[in-house]
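Let's walk through this structure together, one ligand at a time. Keep the 3D view open as you read.

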Amino acid sequence: MSKTILITGGAGFIGSHVVRRFVNQYPNYRIINLDALTYAGNLENLKDIENKDNYKFVKGDITDAQFIDELFEKYQFDGVVHLAAESHVDRSIKDPLAFAKTNILGTMTLLNAAKELWSDDYNDKRFYHISTDEVYGTLGETGLFTEETAYDPNSPYSASKASSDHFVRAYGETYGLPYVISNCSNNYGPNHFPEKLIPLFIHNIINENPLPVYGDGKYTRDWLYVIDHARAIDLIFHEGKNAETYNIGGFNEWQNIDLVKELCRQMDDKLNREPGTSEKLITYVKDRPGHDLRYAIDATKINQELGWSPSVTFEEGLAETIDWYLNNPAWLKHVTSGDYQNYYKEQYQD
Ligand code: NAD
Ligand code: TYD
């Protein structure tokens, strides 16, 4: 094995696509997937690669310093691709401290372990921190987030991610730790936990349940297919410059209500329902506190410097995503049983 790479959060939505890509693309790398298997982590996401020789899963918590130090000592990692996080804005509004713990303290615990292991020789080492465009706060009707946009986070989730980004840069400046950061727009695709807009609404349309649109539905997000994010992460890990930030986005802005109507249209078609059936499920509900109006990424830098651009159109990606959920009812059933029912009740019915 030429390198040993730690991927954190690899049982989650984006992490599982990143693990799959690295395991398949780099048979000479040993990939260690570290994940605490919270409600969002699911090893079913990785069934197809779990027996590969260059892959190993380790269950553990990134905030457990002793465990993390021992893990770094044992595996002598050459690189870290850090995705483990609490990732849902609505949950961060209910329990901000959990976000501070995992996203800030967990990232610092990993940074410390990497610094300790690598400080004698930083050559060929890399700490890659995966972050979000939400650290930039909200846009008005116009403009795009660039890598120079000042941080201005509004939710406990985005504040915790912004803080973790700052700590990564601080370890670079203060200790010379070689790092790279990327800030990506909203992802969608297979294996997405049905608490976020697209998978939640797919699940509800299948079950003919209400589609809870927050506020007036005029909020705007920039959607990227998760497999294109995983391609970008691979590229940045291997070819990105140290101490740089790369914004990743799909140049694909949708107002929530337009996106929901498009989803309804495609799903009526696939489920052989009368056109207009699913739109009747749309229900306007109480707005999210501190709801950011608009996110949109300027992905010029990664395009010009690393040659990345999205490989699928939104229409293709959304169709593949819907098909995946329709073809994997067991996955959906499993993740929506148990605790999910309590979460849903508290978030939408109280
Ligand atoms: P996710 O919630 O689906 O997965 C997070 C994973 O981290 C889960 O497998 C969970 O078990 C694991 N985890 C949580 N706490 C942990 C801990 N203390 N120790 C070890 N593992 C822990 O999240 P996601 O949507 O796949 O996001 C992955 C990363 O990408 C996050 O850092 C997120 O901020 C970032 N990001 C997400 C999006 C998006 O649209 N989903 C966009 C940009 C950036
Ligand atoms: P979400 O998928 O939670 O991602 P984020 O808040 O990180 O952008 O939400 C995407 C958009 O959809 C956001 O404007 C909030 C909105 N939304 C709803 O209208 N209803 C819902 O039930 C959810 C989960 C989100």
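**Ligand 2 and its surroundings**

An oxygen atom of ligand 2 sits 2.6 Å from an N or O atom in the side chain of Tyr348, a polar contact (a pair of N or O atoms within 3.5 Å). This is a predicted model, where local features need pLDDT of at least 70 and side-chain atom pairs count only at pLDDT 80 or more, while totals for chains, interfaces and linings use all residues. Residues are numbered from 1 along each chain as its sequence is written, chains are lettered from A and ligands numbered from 1 in the order in which they are written, and side-chain values use heavy atoms, with hydrogens and water left out.

Staying with ligand 2, you will find an N or O atom of the Arg221 side chain 2.7 Å from an oxygen atom of the ligand. The protein covers 98% of the 510 Å² of accessible area that ligand 2 has on its own (Shrake-Rupley method, 1.4 Å probe). Its shell holds 19 residues, each with a heavy atom within 4 Å. Five of them are charged, four polar and ten nonpolar.

Now turn to ligand 1. Here a nitrogen atom of the ligand is 2.9 Å from an N or O atom in the Asp61 side chain, and a backbone N or O atom of Leu83 lies 3.0 Å from a ligand oxygen atom. Taken alone, ligand 1 exposes 840 Å², and the protein buries 96% of that. Of the 28 residues around ligand 1, those that come nearest include Ile14, Asp35 and Lys161. The shell of ligand 1 has 13 nonpolar, twelve polar and three charged residues.

Key:
A polar contact is a pair of N or O atoms within 3.5 Å; within protein, one must be able to donate a hydrogen and the other to accept it, and residues adjacent in sequence count only if both atoms are side-chain atoms. Ala, Val, Leu, Ile, Met, Phe, Trp, Tyr, Cys and Pro count as nonpolar, Asp, Glu, Lys and Arg as charged, and the others, Gly among them, as polar.
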